[in-house]
Each structure stands twice: as C-alpha cells, then as structure tokens.
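Thanks for making time this morning. I would like to walk you through one model, element by element, and I ask that you keep the structure open while I talk.

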Amino acid sequence: MNHRLLGLAAGVALAAVPLAPALAVTEIQWWHAMTGGNNDIVNRLADEFNASQTDYKVVPSFKGSYADTLNAGIAAFRAGNAPHILQVFEVGTATMMSAKGAIKPVFQLMKDANEPFDPKAYLPAITGYYSTGEGEMLSMPFNSSSTVMWINKDALKKANITEIPKTWPEVFDDAKKLKAAGYATCGFSNAWATWVNIEQFSAWHNVPIGTKANGLDGFDTQLTFNSPLHVKHLQNLVDLQKDKTYDYSGRAAGSEGRFTSGECPIFLSSSAFYAAVNGSAKFDFTEAAMPYYPDVTGAPQNSIIGGASLWVMGGKSADEYKGVAKFFTFLSDTNRQARLHQESGYLPITRAAYDKSKADGFYEKHPVLETPLKELTNKEPTENSRGLRFGNMVQMRDLWAEEIEAALAGTKSAKDALDAAVTRGNAMLRTFEKTIR
C-alpha cells in the first residue's frame with residue numbers, strides 16, 4: 001500500500017511540473033524554378049542548411065518555369081502570402097525593382113540581421129546586374145550562367161575541321177562543311193533566340209541594346225538594337241537558313257536536344273547546359289567562347305549573365321528575415337559555392353570560390369567550365385556590357401522573337417524586322433515607365 005501511495009504521489013508531482021514548450025522552428029518558404037538535377041541541388045541545399053541549425057527550416061517549392069515562378073510570386077504578394085525567397089530570372093530584375101514594398105533589398109537584409117556581408121567578395125560581372133548604381137545589392141545571385149558555343153568535336157573531325165571557330169565568318173564556313181559532311185538539317189543553331197542574338201551579341205561586340213546603359217541608369221531608356229551590325233547579323237542568319245546551314249531552334253531551351261542528339265554540331269546556348277550535355281552526349285564535346293565579327297573594333301568585349309537570383313519578399317517579421325540572412329550566409333560559403341559550381345555548371349558567385357576552383361586544379365580537368373567565366377571577365381565592362389534592365393522584359397523577348405522569326409520566314413527584311421522590334425519594344429517600355437511613376 002505504501003509503495004502504491006508513493007507511486008501515486010510521484011505521478012502527481014510529475015504532473016504538477018510544467019513541461020518546457022518545444023521551441024518553434026521558423027519556416028522560410030523558398031519558391032524556385034529549378035528542374036531535374038538542379039531541383040535536386042536546391043533540395044539538398046535546404047536539407048543541409050536545416051541540418052546545420054535548429055532555429056530555421058527552409059522549405060523549397062517548385063513553381064514552374066521562370067516566368068511562372070515570377071508571376072506566382074507577384075500574385076502571392078498581392079494576396080498577402082508571398083514566400084520569403086523568390087527565385088527570379090535576370091530579365092525580371094526591373095519588374096522586381098519597380099514593385100514598391102514588395103521586396104527587401106539584400107544589402108539591407110544582411111545589415112539588419114548583423115550577418116557578415118561584403119559586396120566586393122562577389123564577382124562584379126555577376127553582382128553588377130543585381131545592384132544599384134551605388135553598388136548596393138538588391139538580390140542574391142544564385143544560378144548564374146552565360147552564353148557559350150557548344151562544339152561536337154567528333155563532327156568537326158568528320159568534316160576535316162581542325163580548329164574550333166572563333167569568329168562568325170569561321171562559324172558560317174564550318175557549318176557549310178558540316179552540312180556537306182552529312183549534317184544536312186543543321187550546320188549550326190542556337191537556343192534562346194533573343195538572348196543569344198540580341199542581348200549577348202550586343203555586349204560581346206560592345207554595342208548598345210538601348211540608351212541609359214541598357215536601362216541600368218534609368219527606366220526612360222530607348223532601344224537601339226536595329227544598328228547596321230545587328231541588321232547584318234540577322235541577314236546572315238536569314239541567308240543561311242535557306243539551305244539549313246543555319247536552322248532556327250526556337251525562343252527558349254526546348255531545342256537543346258538538337259545538340260546532344262548530334263543533329264546540330266555547333267550550338268550556342270547557356271553554359272548551364274553542361275550537366276545535360278555531360279549526361280547525354282555520346283560524342284566528344286567542348287564549349288568555346290561566343291564567336292564575334294572581326295571587323296568590329298574592340299570585339300570581343302565581355303559577356304553578360306543569364307540565370308537567376310534570389311529576391312527577398314517584403315512584409316515578413318524580423319525573425320524570418322534573420323533566418324533568410326543566415327541562409328544567404330550559408331549559401332555564400334566558399335567551399336559550398338565551389339562545389340555548386342563544379343557540380344551544376346553554374347558560375348561561382350564569389351571570388352573566393354572561383355579562386356578555390358583554380359587552386360584545386362579543377363579547370364585543368366574540366367576546362368569547359370571556365371569558359372563562361374573567361375567571357376564574363378574578358379574585359380572591364382562598359383556601359384554596353386554591364387548588363388540590361390528593361391521593364392516588361394519577359395514580354396519584350398517574345399515580341400523581339402516574333403520579329404526575328406518573321407525575317408527568317410521571309411515575310412520581312414532583316415532591317416524591317418529589327419526596326420519593328422525596336423519600335424514595338426519602345427512602346428512597351430513607355431507603358432512600363434508609366435506604371436512606376
């Protein structure tokens with residue numbers, strides 16, 4: 001009886017002791033557009049960060065294409081349930097900048113959270129795209145890339161081509177040889193029609209796409225890519241399209257399989273195509289710098305970036321912002337950035353990660369992954385090659401592509417097509433400018 005009373009008393013005593021409440025973990029929602037192996041990388045990053053501490057949990061969510069993800073983020077902000085972190089492709093920068101109250105600038109985020117942050121630690125060719133004129137970073141670079149020229153080395157050997165082409169005339173000549181060697185439907189091609197043939201083409205030749213440093217210095221910019229050089233380039237593509245020496249492959253990346261299948265032996269696309277090429281190509285391949293016209297003074301200049309950055313959405317609590325800041329510090333770790341670069345083919349965002357990859361001898365074994373970095377740092381950026389920041393850029397790319405396609409189809413001359421692309425684009429820019437006043 002005494003033992004039973006003692007047991008009952010002990011139970012009462014334990015029940016009277018309040019249990020310590022479990023500390024709540026603050027969730028950080030991260031909306032992104034990564035697919036395939038890159039989706040796996042996003043999930044692994046979140047898992048590693050979550051395992052490294054107990055206060056915050058990053059929850060990644062795939063939201064579709066880049067455009068879909070941007071639209072979903074804007075709609076969610078208007079509805080009052082935006083994620084903490086939104087991945088936005090580079091051409092959405094102007095849209096995010098102009099959305100008053102929708103974002104918290106990264107430089108301010110890191111300062112408020114007392115997280116170590118030095119903008120000079122990041123590669124300027126990348127961060128310049130996402131920074132103000134005063135060098136204040138608005139978003140965190142994440143998956144950056146540039147245009148490169150993918151080469152099927154076995155095909156070149158079959159066509160008795162001994163050197164990789166460096167200039168556009170060499171590409172045209174080699175494409176004709178490749179056609180004669182059996183590549184009848186495509187001597188060369190490209191994905192991302194406007195990114196390759198207008199945006200990157202202009203920066204690489206140090207000619208403007210628009211005034212005001214391609215919009216970086218003000219939204220009252222005017223498009224100017226109907227210059228004689230741009231017209232000459234489009235006319236060359238039109239002429240070569242007639243016998244499939246060049247063959248158009250669409251506005252986005254859906255055509256990249258034409259390279260990995262072996263159909264198009266020279267193919268301009270993103271350096272981020274590396275993982276797919278490495279995993280699918282059944283031939284010896286490499287990547288080279290974009291070609292240039294040798295009669296253009298100073299060419300080649302430097303390339304500009306593609307890819308996306310991470311924007312912090314407005315309206316969150318101080319604790320949530322602290323968690324986001326800690327996650328960005330985690331992402332910027334030198335070893336982690338070097339590993340991400342080496343596994344994904346995307347560019348390292350910090351100087352230290354680039355230097356580490358060099359010191360480790362990584363580029364001696366994988367020289368193709370240094371090609372876009374060499375392009376970006378080829379020369380000190382000019383007003384024509386710092387990047388671009390045009391409003392309504394997602395819609396304008398489709399508009400520009402429409403006009404390029406009209407020229408290739410023979411319904412417009414190259415000059416008329418680019419004149420129309422500029423005129424229609426400028427009207428769209430004025431509409432955007434009115435919305436941000």
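Let me start with helix H15, residues 334–344, and helix H16, residues 351–359, whose axes come within 8 Å and cross at roughly 65°. Please bear in mind, here and throughout, that this is a predicted model. The crossing in which H15 passes H16 is right-handed. On the H15 side the residues taking part are Thr334, Asn335, Gln337, Ala338, His341 and Gln342, and they meet Ala352, Ala353, Lys356 and Ser357 in H16. Sorted by class, this contact of H15 with H16 has three nonpolar, six polar and one charged residues.

Helix H19, residues 393–408, packs with helix H20, residues 414–435, at an angle of about 165°, and their axes are 8 Å apart.

Asn197, Phe201 and Ser202 of H9 make the contact with Leu229, His230, His233 and Leu237 of H11. By class, the residues of the contact of H9 with H11 divide into three nonpolar, four polar and no charged.

Let me turn now to the sheets. Five strands form an open sheet with mixed pairing, in the order S2-S1-S3-S9-S4. Its edge strands are S2 and strand S4, residues 140–145, each of which pairs on one side only. On average, and with direction ignored, neighbouring strands of this sheet are turned by 20° against each other.

Within that order, strand S1, residues 26–32, and strand S2, residues 56–62, run parallel and are joined by seven bridges. If you want a place to look, Thr26 stands opposite Tyr56 in S2. How does the chain get from S1 to S2? It crosses through helix H2, residues 36–52, and this β-α-β crossover is right-handed.

H2, the helix of the crossover, lies across S1, S2 and S4, and runs at about 170° to S2. Helix H3, residues 66–79, lies across S1, strand S3 (85–89), S4 and S9, and runs at about 140° to S3.

There is also a sheet of four strands, again open and with mixed pairing, in the order S6-S7-S5-S8. Strand S6, at 188–190, and strand S8, at 285–288, are the edge strands, and each pairs on one side only. From one strand to the next, the twist in this sheet averages 25°. S6 and strand S7, residues 266–270, run parallel and are joined by three bridges, with Ser189 standing opposite Phe267 in S7.

Which peptide bond is cis? The bond from Ala299 to Pro300 is cis, with omega near 0°, and Pro300 has its place in the loop between S8 and S9. The other detail concerns Lys212, whose phi is near 55°, a positive value in a residue other than glycine. Lys212 lies in helix H10, residues 211–214.

How values were computed: Residues are numbered from 1 along each chain as its sequence is written. This is a predicted model: local features need pLDDT of at least 70, side-chain atom pairs count only at pLDDT 80 or more; totals for chains, interfaces and linings use all residues. Side-chain values use heavy atoms; hydrogens and water are left out. Axes are lines fitted to C-alpha atoms, for helices over the stretch in contact, and angles run from 0 to 180 degrees between N-to-C directions. Helices (H or I, at least four residues) and strands (E, at least two) are DSSP runs, numbered from the N terminus. Two strands pair if DSSP finds at least two bridges between them. A crossover is right-handed if, with the strands pointing away from the viewer, the path from the first strand over the helix to the second runs clockwise. A crossing is left-handed if the near helix is turned anticlockwise from the far one by less than a right angle, and right-handed if clockwise. Contact means heavy atoms within 4.5 Å. Ala, Val, Leu, Ile, Met, Phe, Trp, Tyr, Cys and Pro count as nonpolar, Asp, Glu, Lys and Arg as charged, and the others, Gly among them, as polar.
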